[in-house]
Structure formats: C-alpha cells, structure tokens
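Here is a short note for someone opening this structure for the first time. Please keep the view at hand while reading.

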Amino acid sequence: MNGRLSNATLAELPAEVLLPRYDRRAVAPGIVHLGVGAFHRAHQAAYVDACLADGESDWGIIGVSLRSPDTRDALKPQDGLYTLAIRDSAGEQLQVIGSIQSLLVAPEDPGAVLAALTDPRIRIVTLTITEKAYLRAADGTLDSAHPDIVHDLANPGSPKTAHGFLAESLARRRAAGTPAFTVLCCDNLPANGATLHRLLIEFAKLRDAQTGSGDQPLAGHVADEVAFPSSMVDRIVPATTDTDRARIADELGLEDAWPVMTEPFQQWVIEDRFPAGRPAWEKFGVAMIEDVGPFEDMKLRLLNGAHSGIAYLGLLSGHATVDRAFADPSIRQFVDWLWAEAIPTLPQDAGLDTSAYTAELAARFSNTALAHRTAQIANDGSQKLPQRIVASALARLEAGLLPEYLSLVVAAWIAACAARGGTLPGRHFTDPLDAALSDLFDRNLPTADMTAAVFDLAGFAKGHPERQKLIEFVATHLVHFKQGGPKLALAALGIGKETPRLAE
C-alpha cells in the first residue's frame with residue numbers, strides 16, 4: 001500500500017476509477033448536511049458531485065455529525081474524499097466523490113456548526129439523521145420533555161439537536177438580515193418536509209416562550225419565511241465492513257478509511273420550492289415535482305415495508321443478508337402477499353406504476369453483491385414501522401380489508417426483539433425502546449396483554465378506532481411465532497400453498 005486517498009494521491013489511482021471532474025479548490029460551500037453518514041455519501045453527495053462536475057461550483061457540502069466523530073476522523077485525513085463502490089451481481093464501479101469540503105462534529109464545537117449554518121453562502125440545509133433523531137412523542141408531536149430538547153431550550157447557543165441548530169441559526173440569520181436557507185429533509189418520514197416544519201415550529205414556540213421574543217417570534221418566521229420541501233430518497237446502502245475496506249484498498253492501491261457500498265439504482269424526488277436557489281439536480285435524474293407524497297408513500301410502503309418484513313423474518317429464520325432471506329421461498333412469497341396488501345392503500349390516481357416498481361424491487365433485493373445485513377435494516381423498528389407498516393394496516397382496516405401480512409411484520413419485529421437475548425443469529429440490532437421492551441418481556445404477560453403493552457410503548461395507532469383490531473391480528477401472529485417460529489407463522493397464512501396477487 002502506497003498511502004492514503006487524498007487530494008495529493010488522486011493521480012495515483014488506477015485509470016478505471018472515476019475521479020472528481022472539477023477543481024476542488026474552486027468550490028465554495030452552499031449546503032450544510034446534518035447527519036453525514038453512509039446514505040448521504042452514497043446519495044445526496046453523489047448527486048451534488050455531478051452538479052459540481054457540470055460547473056456549478058458554489059454547491060460544496062459542509063458535513064456535520066450530530067453525535068459521533070467517526071466519519072470526520074476517517075475522512076479529514078483524506079480531504080473529505082471517499083470511494084463510492086457501485087455494486088451488482090455483474091461487477092463493480094469505483095468512483096471517488098469530492099463534494100464534501102469539510103466535516104464538523106457538533107458535540108465538539110457547536111459554535112463552528114452554527115457559524116457554518118449562518119454563513120450567507122449556505123442556501124440549503126439537508127438532513128439524514130434517521131427517524132429517531134426527530135425526537136417525536138408517541139402522538140407525533142415534539143417530545144418537549146426529551147433531555148436534549150430541554151437542554152437546547154435552556155442553551156440556545158450550544159445546541160445538541162437538529163431542532164436546536166436549525167432554530168438558532170435561523171434566528172441569527174434573521175437578526176443579521178441574511179435570507180433563510182431552505183431545509184430539505186431526506187429521511188424516511190411521511191411528508192418529511194412538512195413534518196420537520198411542524199416540529200421546528202413547535203420547538204420555536206417553546207423557545208419564544210422561554211426567551212420572551214415579543215413582537216418578532218421565531219416561530220412565526222419559521223412558519224412563514226422558511227421553505228421545507230418534502231423529498232423521497234431511495235438507494236440501498238449496506239454498512240461498510242472491514243472486508244470491504246481491504247478489497248477497496250487493493251483495487252485503489254491506496255487506503256480509504258471509509259468507502260461506501262451501494263447499488264446502481266438511485267432515485268430522488270423533490271418538491272421544487274427553493275427560494276434561495278438550488279443545484280440543477282434535474283440534469284442528473286432527480287425528479288423536481290409539485291407533490292412528492294404519492295412517490296413517498298409508494299417507497300415507504302413497498303420498499304421500506306418489505307425491507308422490514310425481510311429483515312425480521314430473515315433474522316428469525318437465520319438469514320444474515322437480504323439476498324439470502326429473499327431467496328428463501330417462504331419469505332419471497334410473503335413479500336408478494338405483503339405488496340398485494342399494501343398496494344391498494346396507495347393513491348390510485350397518482351400515476352404510480354406499482355407493477356414495474358415491485359418488479360424492480362425484487363431485482364434489487366436479489367442483488368448478491370451488496371450483502372445488505374438484515375440486522376442493519378432491523379434497527380429502530382419502533383420508529384420505522386409506523387410509516388412503513390402500521391399506516392398501511394390501518395388503511396386496510398378502515399376500508400374493511402384484512403391486514404394479515406402487514407400485521408405479521410409487526411409481530412415479527414416483536415418476536416425478533418424478544419429473541420435477541422437467546423440464539424437469534426445476527427441479533428445485534430437496537431431500538432430506542434430496548435430497555436422498556438426488555439422489562440416488558442421479563443414480565444411474561446399473556447400474549448394479548450403483551451402486544452397491547454408494546455403498542456402503548458411504541459405509540460402504534462394511538463387513538464385510532466381500528467387499533468384494537470390491529471392488536472388482535474398481531475397477537476395471533478405472535479402466538480404462532482412462539483409456538484413454531486417463522487415457519488409456523490407463515491404456514492398459518494397459507495404461505496407455500498397459494499400464488500399472491502399484486503392488486504386487489
């Protein structure tokens with residue numbers, strides 16, 4: 001090995017590796033990204049890299065980690081460069097991405113993050129902070145009692161949360177006469193832009209009440225002057241392993257501390273509301289539209305919902321990766337039935353081609369080159385299942401239809417969480433409710449009571465008139481999981497005996 005990936009060593013890379021096609025020294029920052037993890041580096045940063053190569057030199061990215069310094073520590077010695085390995089069963093293409101100019105770690109220096117956010121050159125703030133970091137209570141409102149929210153309200157100049165950073169920087173920009181940036185949420189939340197907008201208004205109202213903002217409340221500024229377009233993002237990004245690092249280093253002839261693995265498919269659909277300007281993303285396949293809702297629902301309910309089902313059934317069946325789980329005939333058939341239940345809950349007048357979409361998903365789930373771990377997808381189920389599964393199940397119940405396969409995913413999540421202390425293969429996944437769930441499982445309640453208690457903890461279907469029916473469906477599946485594992489649970493639904501329909 002001759003050294004490490006950096007600006008100085010780019011010329012040493014093999015000819016087949018794609019390099020940044022622009023002068024990185026001429027790039028100015030235009031975007032701050034909160035949550036600079038693997039998904040951002042495989043998705044938004046790659047799209048911005050293409051725009052920079054097209055001559056839009058004022059859209060460089062300042063990446064911010066809200067928790068861990070790991071990404072900064074890996075990429076700072078590499079001048080922010082990293083390898084994007086685009087893999088499928090036919091081969092791999094390596095591309096060095098150069099759109100991230102610098103990286104900050106919020107807990108180490110919140111002042112530096114606020115300085116970046118208040119820089120007049122910054123016109124867009126993007127976020128991939130995962131569902132749990134939005135700090136919502138069980139009813140979907142801001143969890144005002146969360147310790148980090150309490151801290152940020154008391155210490156606006158040294159925030160910990162995305163809400164605190166956004167609110168303080170917007171307040172400083174307004175005071176300085178600097179136009180507000182556009183806030184672009186890229187997480188898997190329903191109506192993600194509108195959801196974040198509502199949460200930030202709630203936070204700003206609490207802050208206004210505490211600071212006595214008088215005739216110029218921050219909440220009104222956020223409500224009326226800041227754009228929050230919704231977006232839908234899609235690209236499968238498995239966790240990088242040490243084996244991946246070693247293989248990429250061999251191919252580069254240089255060390256890359258944190259390459260990113262991904263698939264050829266990528267999709268980004270964005271509501272086109274950017275008062276301060278934006279890159280010409282549409283040149284590179286991004287759909288700039290008026291309403292992202294139908295596309296978002298299709299992705300959440302068909303891709304993400306199926307992913308969760310594959311993850312929990314895969315873990316319970318001993319399958320470590322998505323492709324292996326999807327190759328299991330029972331799980332494969334279950335996914336078809338899951339799609340058949342979810343598709344009728346989607347908007348029927350939005351021009352969605354669900355047949356083509358599910359066919360494409362089946363090919364993506366079968367990609368043997370990605371090795372997407374079921375345990376990675378299994379993380380944070382209590383935060384993911386409401387929009388991926390529970391919403392579809394409730395929609396079916398409202399329409400007088402049965403949510404047999406959808407409800408089984410919720411049961412599989414509960415069964416997988418309960419099994420982690422035993423012999424569950426690849427059981428190392430986490431959930432914000434882990435401590436409370438463990439205490440609940442230790443009580444050995446009857447299955448129906450335990451299911452209802454889990455729904456209470458997670459806030460699933462809170463206040464919904466069909467909630468009790470959904471609990472009963474889930475409890476029935478849990479009995480089967482307890483008696484005979486996933487084999488019995490799937491057999492009880494006739495898996496292996498019938499051919500599913502992808503429409504009703």
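In what order do the three strands of the open sheet lie?

1. The order is β8-β10-β11, and the pairing is mixed. Strands, like helices, are DSSP runs numbered from the N terminus (helices are H or I, at least four residues; strands are E, at least two). Two strands pair if DSSP finds at least two bridges between them. The edge strands are β8 (231-234) and β11 (287-289), each pairing on one side only. From one strand to the next, the twist averages 15°. Angles run from 0 to 180 degrees between N-to-C directions, with axes fitted to C-alpha atoms, for helices over the stretch in contact.

2. A word on the basis. This is a predicted model, in which local features need pLDDT of at least 70 and side-chain atom pairs count only at pLDDT 80 or more, while totals for chains, interfaces and linings use all residues. Residues are numbered from 1 along each chain as its sequence is written, and side-chain values use heavy atoms, leaving out hydrogens and water.

3. Look at β8 next. It pairs with β10 in the antiparallel sense, over four bridges. Contact here means heavy atoms within 4.5 Å.

4. Both faces of β8 are covered. S231 and V233 are buried on one side, M232 and D234 on the other. Buried means under 20% relative accessible area; exposed is over 50%, and partly exposed lies in between (1.4 Å probe, protein chains only).

5. Now the aromatic rings. A search of the whole structure finds ten aromatic pairs. The rings of Y47 and W268 are centred 5.4 Å apart with planes at 45°, so this pair is tilted. The rule: rings of Phe, Tyr and Trp (its six-membered ring) pair if their centres lie within 6.5 Å; planes under 30 degrees apart are stacked, over 60 edge-to-face, and the rest tilted. Y47 lies in helix α2 (residues 44-53) and W268 in strand β10 (residues 267-271), so the pair ties together parts 221 residues apart in sequence. Both Y47 and W268 are buried.

6. Y82 deserves a stop. It lies in strand β3 (residues 82-88). Its relative accessibility is 0%, so Y82 counts as buried. The charged end of R41 sits over the Y82 ring, 4.8 Å from its centre. Such a charge is NZ of Lys or CZ of Arg, within 6 Å of the ring centre and within 35 degrees of the ring normal. The backbone oxygen of R41 also lies 2.6 Å from a polar atom of the Y82 side chain. Beyond its neighbours within four places in sequence, Y82 is in contact with residues including L5, A45, D256 and W258.

7. R420 also has its charged end over a ring, that of F429, 4.4 Å from the centre.

8. Last, H221 in helix α8 (residues 218-225). H221 is buried, with a relative accessible area of 13%. Not counting residues up to four places away in sequence, H221 touches L170, R174, A180 and V226.

Methods:
Polar contact = N/O pair within 3.5 Å; in protein donor to acceptor, adjacent residues only side chain to side chain.
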